[in-house]
Amino acid sequence: MRLLAFPGWWLISLGQSWLVILVIALGIGLGVNAMLGPQFAMLPELFGNQHRYLGVAVTREFSAVIAGGLARVLRAIVIAALDGSWVPLGVYTFIVAASTFRTTFISPETQGRDLLRVEDSLDAASERVLDPR
C-alpha cells in the first residue's frame, strides 16, 4: 500500500475510468487482502479467551471507522480545501500503511500461543519482560 499510495492517487486524478478500476483492484486485491489474512489469524491470538470477542470486534470496528468512514469525509474536505490536489491523499495513505506496517514489529509474538489462556498476549509479554525465566 505504501508503494501504491502516490502513484495510485495520481492515476485516479487522471480521471480515466479504467485507471480508477485498476488502482482500486490493486489496492483491494493486493494491499487490503494481504493485510486481512494475517490480521484474521493474529487478532484472536492477541486476546485471552476472556476478552477475545470484544477485543477483536473493537479492534476491527475502530479501524473500519478510521480507515473507512472518517477517511472518506476527510478526503473530501482535503480535496475541496486544496483545490483538488491528490498529494495530501497520497501522504495520508502512506502514513496509514506505514503505521500498519510498524505495528507488526511492536505487537507481541503470538505464535504457538494457547488460545484457552485467560490473559491477553500483551499481559503475558509484559510478564515475560518482568520475569524472564
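The structure is a predicted model, in which local features need pLDDT of at least 70, side-chain atom pairs count only at pLDDT 80 or more, and totals for chains, interfaces and linings use all residues. Residues are numbered from 1 along each chain as its sequence is written, and side-chain values use heavy atoms, with hydrogens and water left out.

The chain contains 5 helices and 0 strands, where helices (H or I, at least four residues) and strands (E, at least two) are DSSP runs numbered from the N terminus. The order of elements from the N terminus is accordingly α-α-α-α-α. Along the principal axes, the C-alpha atoms occupy a box of roughly 60 × 25 × 25 Å. The radius of gyration is 19 Å, whereas a compact globule of 133 residues would have a value near 14 Å; this quantity is taken over C-alpha atoms, and the globule rule is 2.2 Å times the number of residues to the power 0.38. Of the 133 residues, 20% are buried (buried means under 20% relative accessible area, exposed over 50% and partly exposed in between, with a 1.4 Å probe and protein chains only). Contacts (heavy atoms within 4.5 Å) reach along the sequence too: among those between residues at least 6 apart, 60% join residues at least 24 apart.

Helix packing comes next. Two packed helices are described by the angle between their axes and the distance between the axes. Here, axes are lines fitted to C-alpha atoms, for helices over the stretch in contact, and angles run from 0 to 180 degrees between N-to-C directions. Helix α2 (residues 17–46) and helix α3 have axes that come within 9 Å and cross at roughly 145 degrees. The crossing of α2 past α3 is right-handed, meaning that the near helix is turned clockwise from the far one by less than a right angle, with anticlockwise giving left-handed. On the α2 side, the contact is made by Leu36, Gln39, Phe40, Leu43 and Pro44, and on the α3 side by Arg52, Val56, Thr59 and Arg60. These residues divide into 5 nonpolar, 2 polar and 2 charged (Ala, Val, Leu, Ile, Met, Phe, Trp, Tyr, Cys and Pro count as nonpolar, Asp, Glu, Lys and Arg as charged, and the others, Gly among them, as polar).

Helix α3 (residues 52–81) also packs on helix α4 (residues 87–106), with axes that come within 10 Å and cross at roughly 155 degrees. That angle makes α3 roughly antiparallel to α4 (under 35 degrees counts as roughly parallel, over 145 as roughly antiparallel, 65 to 115 as roughly perpendicular and the rest as oblique). Ile66, Ala71, Arg75, Val78 and Ile79 of α3 meet Pro88, Leu89 and Tyr92 of α4, a contact with 7 nonpolar, no polar and 1 charged residues.

Helix α4 is packed against α1 as well, at an angle of about 170 degrees and with the axes 8 Å apart, so α1 is roughly antiparallel to α4. From α1, Arg2, Ala5, Phe6 and Trp9 take part; their partners in α4 include Val87, Gly90, Val91 and Thr93. The contact comprises 10 nonpolar, 2 polar and 1 charged residues. Beyond its neighbours within four places in sequence, Arg2 touches Phe94, Ala97, Ala98 and Phe101, and at 34% relative accessibility Arg2 counts as partly exposed. Pro7, found in helix α1 (residues 2–13), is likewise partly exposed, at 39% relative accessibility.
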